[in-house]
Amino acid sequence: MHSPTARVLSTRRTGRIYPSDEHARIEEAGLVAASDQIADALGITVGASVIRRQRVTYKGEIPVSASISWFDGTLAELAPKLLETSRILEGTFAYIETATGRPMRTVRDQLAADEATSQDASDLNIEVGSPVLRGRNWMYDADGGVIEYGEYVSAARRWKSYDYEIN
């Protein structure tokens, strides 16, 4: 499994967000009102407009993870591709950095073992209750502002790997 952090590092090193044998399909993209949880995660007001992008990632044609990314709705004008269901090949964070001049500086991941919900089962073609790895991530700019908040789930038996360069 490649987490958002691993995808950030991959994009910075290779210019590609996914390995050559993986691809994503954007299932939905649009503006919605921020729930309590999403508003808290983004540091905005409950009910404010947010961008929601839902995707499923495939290895070949097998679904291996599903995710939803959330962005402050004020980005809609500056980064209109976030509202489209077409893929953003350089990755959403690189696109936002180019569109807004806000470079990403810090990424935070949280992980938990869990059981597949009905939505997870549908997205990943697994049974409800199957073991999954669930994650949440925040991507912050240099000033500590949240650029992106994401939630993701991966099917069982997918390794999570990070490669770090130590200076």
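## A glycine in a loop, and the sheet around it

Gly 129 sits in the loop between H5 and E5; helices (H or I, at least four residues) and strands (E, at least two) are DSSP runs, numbered from the N terminus. The model is a predicted one, in which local features need pLDDT of at least 70 and side-chain atom pairs count only at pLDDT 80 or more, while totals for chains, interfaces and linings use all residues. Residues are numbered from 1 along each chain as its sequence is written, and side-chain values use heavy atoms, with hydrogens and water left out.

Is Gly 129 buried, exposed or partly exposed? Its relative accessibility is 37%, so Gly 129 counts as partly exposed (buried means under 20% relative accessible area, exposed over 50%, partly exposed in between, with a 1.4 Å probe and protein chains only). Leaving aside neighbours within four places in sequence, Gly 129 is in contact with Glu 115 and Ala 116, where contact means heavy atoms within 4.5 Å. Asp 114 is 15 residues from Gly 129 in sequence, and their C-alpha atoms are 8.4 Å apart.

Now for the whole chain. It holds 5 helices and 6 strands, running α-β-α-β-β-α-α-β-α-β-β from the N terminus on. Of its 167 residues, 44% are buried. Among contacts between residues at least 6 apart in sequence, 58% join residues at least 24 apart.

The 6 strands form an open sheet with antiparallel pairing, in the order E1-E2-E3-E6-E5-E4; two strands pair if DSSP finds at least two bridges between them. Strand E1 (22-33) and strand E4 (104-115) are at the edges with a single partner strand each, so one side of each has no neighbour in the sheet. From one strand to the next, the twist averages 15°. Axes here are lines fitted to C-alpha atoms, for helices over the stretch in contact, and angles run from 0 to 180 degrees between N-to-C directions.

Strand E6 has 9 of its 10 residues buried, so the rest of the structure largely encloses it. E6 runs antiparallel to E5, with 9 bridges, and antiparallel to E3, with 6 bridges. Some of its bridge partners are listed here.

| Residue | Bridge partner in E6 |
|---|---|
| Met 139 | Glu 148 |
| Ile 68 | Glu 151 |
| Arg 134 | Val 153 |

The hairpin of E5 and E6 has 4 residues between the strands, and Gly 144 there takes a positive phi near 90°.

Helix H4 packs on the sheet, touching E2, E3, E4, E5 and E6, and its direction makes about 170° with that of E6. Within H4 (residues 92-100), Thr 92, Phe 93, Ala 94, Tyr 95 and Ile 96 are buried. Just after H4, Gly 101 has a positive phi of about 80°.

Finally, which residues are closest to the centre of the largest pocket? This pocket has about 210 Å³ of space, and of the 15 residues lining it, Ile 68, Asp 120, Arg 134, Glu 151 and Val 153 are the closest to its centre. On a 1 Å grid over the protein atoms alone, a pocket is an open set of points where a 1.4 Å probe fits, with protein on both sides within 12 Å along at least five of seven lines, and lining residues have an atom within 4 Å of a point. Grid points are joined across faces, edges and corners, and the volume is the space filled by probe spheres set on the points. E2, E3, H5, E5 and E6 each supply at least two lining residues.
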